[in-house]
Amino acid sequence: WELWFPIGSLYHYHNDVHFPLEPWSKKPLLENYIVLFPSLFARSPEIEVWKAVIDFCSTQWYACVVVGSNREQWFIDSLTEIWYETTIINLLDQTTFGEMHRIIKHSRMNILCNGWVMWLANLVNPNNITIHTVSAFLMEPPVDNKTSFTIRPYEYKHCRPCEWTERDWTIEQCVFLGTKKNWECRKIFTKATILTHIRIILTSDLLS
């Protein structure tokens, strides 16, 4: 996963790598849509921030399509708790690799937390926002800071990555567990931070 040398934006190489590109064969997607990949709970902003993102996309006439696997089910459950599950198109565990490739390749943009979907999206689509908590600190794809961006507002001076994979694949808890700083790296994300980057991408066509 980790890139230990500078190579520039991954999208520079999109013609050099060939993946299956299968059409989405089930219920048709709307023509204008934005992909959300929330990844694991520890890698994701608070659900209220996602709610603001979904609301904004709706005002811009973009549908929100959620991709991933059953490990992202926490995200759907969180939306359900606030009666928001009907505001997105849930494709968790419903796509083949080729279908997911086509969906993220042709989306207006992808908003992604750490994971392999994030890397694939940056390779096949020039418009991406990658969101990082303190988990998997090294796993940030190169971005151009024009139409692809990395957001990591939290510098962990007094903690270590909470998603620390041991030999037995257990995940350590946040070092601030039980304190006011619990999950601080997630809570520091604000809707304004992400919406600013969304607006930049949405206006990029006008500026080019």
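1. Cys 185 is buried, its relative accessible area being 6%, and Cys 113 is likewise buried, with a relative accessible area of 0%. A disulfide is a covalent bond between the sulfur atoms of two cysteines. In this structure, which is a predicted model, the count of disulfides comes to zero, the rule being that a pair of cysteine sulfur atoms must lie within 2.5 Å.

2. The sheet is open and consists of six strands in the order S3-S2-S1-S4-S5-S6, with parallel pairing. Strand S3 (89-90) and strand S6 (148-151) are the edge strands, each of them pairing on one side only. Strand S5 (residues 128-131) runs parallel to S6 and is joined to S6 by four bridges; Thr 130, for its part, has Thr 150 in S6 as its bridge partner.

3. Helix H3 lies across strand S1 (33-37), strand S2 (63-66) and strand S4 (110-113), and the helix runs at about 120° to S1.

4. Turning to the aromatic residues, a search of the whole structure finds six aromatic pairs. Trp 74 and Phe 75 make an edge-to-face pair, because their ring centres are 5.7 Å apart and their planes stand at 80°, where an angle over 60 degrees is what the edge-to-face class requires. Trp 74 is buried, with a relative accessible area of 16%, and Phe 75 also counts as buried, at 0% relative accessibility.

5. The rings of Phe 97 and Trp 116 have centres 5.9 Å apart and planes at 25°, so this pair is classed as stacked, the limit for that class being planes under 30 degrees apart. Because Phe 97 belongs to helix H3 (residues 97-105) and Trp 116 to helix H4 (residues 116-124), the pair ties together parts that are 19 residues apart in sequence. Phe 97 counts as partly exposed at 34% relative accessibility, and Trp 116 counts as partly exposed at 35%.

6. One aromatic cluster is formed by Phe 41, Trp 50, Trp 74, Phe 75 and Trp 183. Two of its members also have Arg 186 over their rings: the charged end of Arg 186 sits over the ring of Phe 41, at 3.7 Å from the ring centre, while Arg 186 lies over the face of Trp 183 at 5.9 Å from the centre of that ring.

Conventions. Residues numbered from 1 in each chain as written. Predicted model: local features only at pLDDT ≥ 70, side-chain atom pairs only at ≥ 80, totals over all residues. Heavy atoms only, no water. Phe/Tyr/Trp six-rings, centres within 6.5 Å; stacked < 30°, edge-to-face > 60°. Buried < 20%, exposed > 50% of the residue type's maximum accessible area, 1.4 Å probe, protein only. Helix = DSSP H or I, 4+ residues; strand = E, 2+ residues; numbered from the N terminus. Lys NZ or Arg CZ within 6 Å of the ring centre and 35° of its normal. Pairing = 2+ DSSP bridges. Contact = heavy atoms within 4.5 Å. Axes fitted to C-alpha atoms, helices over the stretch in contact; angles between N-to-C directions.
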